[in-house]
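Let's walk through a model together, one feature at a time. Keep the viewer open while you read.

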Amino acid sequence: MNSLWQGRWTTKARIASGLVLFVYVLLHFLNVGLGLFSLDLMEQAQDWRKAVTRSFVGGIVLYAAFLVHAALALERVARRRTLRMPVWEATQVVLGILIPFLLFVHIVHTRVAFQQFGVNDRMGYITGLIWDTSSGRNQAILLLIVWIHACIGLHYWLRGRDWWQRATPVLIGLAALVPAFALAGFMVQGRAQRARLQDPDSFGTLAELYNWPSRDSFAAMDTITGNGLSVYWGILALVAVIMAFRRWGMTRRSLKIQFVDGPEITGRKGMTLLEMSRASGVPHMALCGGRGRCTTCRVIIEDGSDLLHPPSPEEQAALRAVNAPPNARLACQIRPTEPATVMRVFRPDGRRARQHESLGQERKLAILFLDMRGFTARTTGQLPYDVVFLLNRFFDAVVPSITGAGGTVDKYLGDGLLAVFERNSAQASARAALEAAAGIGSALETFNKALKAERADSVAIGMGLHLGELVLGEIGAADNAPRTIIGATVNTASRLEAETKRLGVEALVSEDLLQAAGIDTETLDLASLDLRGVRHPVAALPVTKASTIATLLRDHNA
Ligand code: FES
């Protein structure tokens, strides 16, 4: 349960307020749906509901939940650096923004009408008032918007839980029934009440019963609605300005670098050209690791050399030693502040590319070690064909989670594998590894269900996830040199995977990876581990069920 409440306090407040609103909305819709049976039943349920929501405490909780939820959601939108987001999240954000536009008028004609104009805002009053009007159609749309928004929020909060995944097919059916029930209730009572209100004989009685608002009261309510919407427009404009300002701040510090015969990349002022290349995933030779001791990172500045700072004596000496032309510079030593066009002397194509790749390319990447637990004991005495069959089924089940997250299997290691996540940035790489680990956890659960149906023992796994500097290179004779990764990071990830067995968890995720993924580790229960062959203790998050990593990622959506 605790993993559901991980994250910053704002995340927790958004979830808690969302839950309050979900319960309110569900009861409200069920209440409207009772109109399918009778107006009396509908209004009786409304009386019970109002006893809570119009009590002093109930009112505070409800309106505080609404304000907190809306404010935190808008704050989250304002803080976004990009509008790129998954479709489900974009849907939820857009629907959430639309809600107040349609909700104000409803609140004003019910709660405000009750408090300011003494209207007895019973269900019969509001359904009869808006049925067969544009307001009625808008309120029906509002009902659907609110419900979809709420269901998406609830689903993406709970989707990592086993019980939720099992119950999802049933819940989808129930989720479709709720708005259908509410709309049916609204339709039946709206039509009936509208007819009564239009009948001069019954209108007088109903007007007295509901203390029907006067023409002036309706006009005042329209004014209040208009003012409320104006304030909301102002808030949205403020959010848009904050977003634009943040983006402007980012672009002000950024600049374009055009590689001849290569991509155009965006870098930030203050970075070296080599750092910009690496951050954008552009292969760039740098044998000494960017320390100014090899000249393999050198570039020819085709355009913009006059805007660069002059070379240091060390850079000058290094370039002179290789007889470099005047416009050659070391990519690891220059920090462009203006756009430039450059050409890598050692480009990643042709023979030089082979040379480049074979010598190795240093990247900061996330890797994942996966091992099937108890494989030897499980397969002892089995026919080799059966062992191969089991392994291939297992890999068929879990590897799509790796490739789907943008990773590749670097090598298979008997009953395990090593995967690497080559992305443009360390953050993207780290998040891809976490996404893959969560997917593997879910895939394993499905795989084990299939094994159980076959009366076979389930499979357990251990995963070690770490992020750090790696060397990617072709190791072997020319023309027969598979690409692989080496470095201390690989060893650390391997040791973390081994440690999962002792701790009895499915995964251990290093703090370095979590932080690179943008996850606040302050609130996480990290273990400090002494790993064989690793000089310093490594802080890592033990994860009992790997599928729950999805929740961790969702709560820290960058
Ligand atoms: S990487 Fe060696 S000098 Fe730049």
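**Reading salt bridges, strands and space**

A: Glu499 and Arg502 sit three residues apart in helix α16 (residues 488-503), which is about one turn of the helix. Their side chains meet in a salt bridge, 2.6 Å from N to O. Keep in mind that this is a predicted model.

Q: Are Glu499 and Arg502 buried or exposed?

A: The cut-offs are under 20% relative accessible area for buried and over 50% for exposed. Glu499 is buried because its relative accessible area is 14%, while Arg502 has 58% and so counts as exposed.

Q: Which parts of the chain does the pair of Arg329 and Glu315 link?

A: Start with the contact: the closest N and O atoms of Arg329 and Glu315 are 2.9 Å apart, in a salt bridge. This pair links distant parts of the chain, with Arg329 in strand β4 (residues 328-330) and Glu315 in helix α11 (residues 313-321), 14 residues apart. Arg329 is buried at 7% relative accessible area, and Glu315 is buried too, at 3%.

Q: How many salt bridges does a search of the whole structure find?

A: The search gives 13. Some join up: Glu43, Asp47 and Arg122 form a network of salt bridges.

Q: What does β1 pair with?

A: Strand β2 (residues 264-268) pairs with β1 in the antiparallel sense, over five bridges; Lys256 has Thr266 in β2 as its bridge partner. Four residues lie between the strands of this hairpin, where Asp261 takes a positive phi near 60°. Strand β5 (residues 340-344) runs parallel to β1, joined to it by three bridges, and Val342 in β5 is the bridge partner of Phe259.

Q: Where is the largest cavity, and what is its volume?

A: Rolling a probe the size of a water molecule over the atoms shows where empty space is left. Here the largest cavity has a volume of about 40 Å³. Its lining includes Gly304, Leu307, Leu308 and Pro336.

Q: Which residues make the nonpolar surface patch?

A: Val20, Phe56, Val57, Ile60 and Val61 make a patch of about 490 Å². Helix α3 (residues 56-79) supplies the largest share, four residues. Val61, in helix α3, is partly exposed, with a relative accessible area of 42%.

Conventions: Residues are numbered from 1 along each chain as its sequence is written. This is a predicted model: local features need pLDDT of at least 70, side-chain atom pairs count only at pLDDT 80 or more; totals for chains, interfaces and linings use all residues. Side-chain values use heavy atoms; hydrogens and water are left out. Patches are made of residues with over 30% relative accessible area and no salt bridge: like charges are joined within 9 Å, nonpolar side chains (Val, Leu, Ile, Met, Phe, Trp, Tyr) within 5 Å. Accessible areas come from the Shrake-Rupley method with a 1.4 Å probe; for residues, only the protein chains shown count as cover. A salt bridge is a side-chain nitrogen of Lys or Arg within 4 Å of a carboxyl oxygen of Asp or Glu. Helices (H or I, at least four residues) and strands (E, at least two) are DSSP runs, numbered from the N terminus. Buried means under 20% relative accessible area, exposed over 50%, partly exposed in between (1.4 Å probe, protein chains only). Two strands pair if DSSP finds at least two bridges between them. On a 1 Å grid over the protein atoms alone, a cavity is a set of points where a 1.4 Å probe fits but cannot get out, and a pocket is an open set with protein on both sides within 12 Å along at least five of seven lines; lining residues have an atom within 4 Å of a point. Grid points are joined across faces, edges and corners, and a volume is the space filled by probe spheres set on the points.
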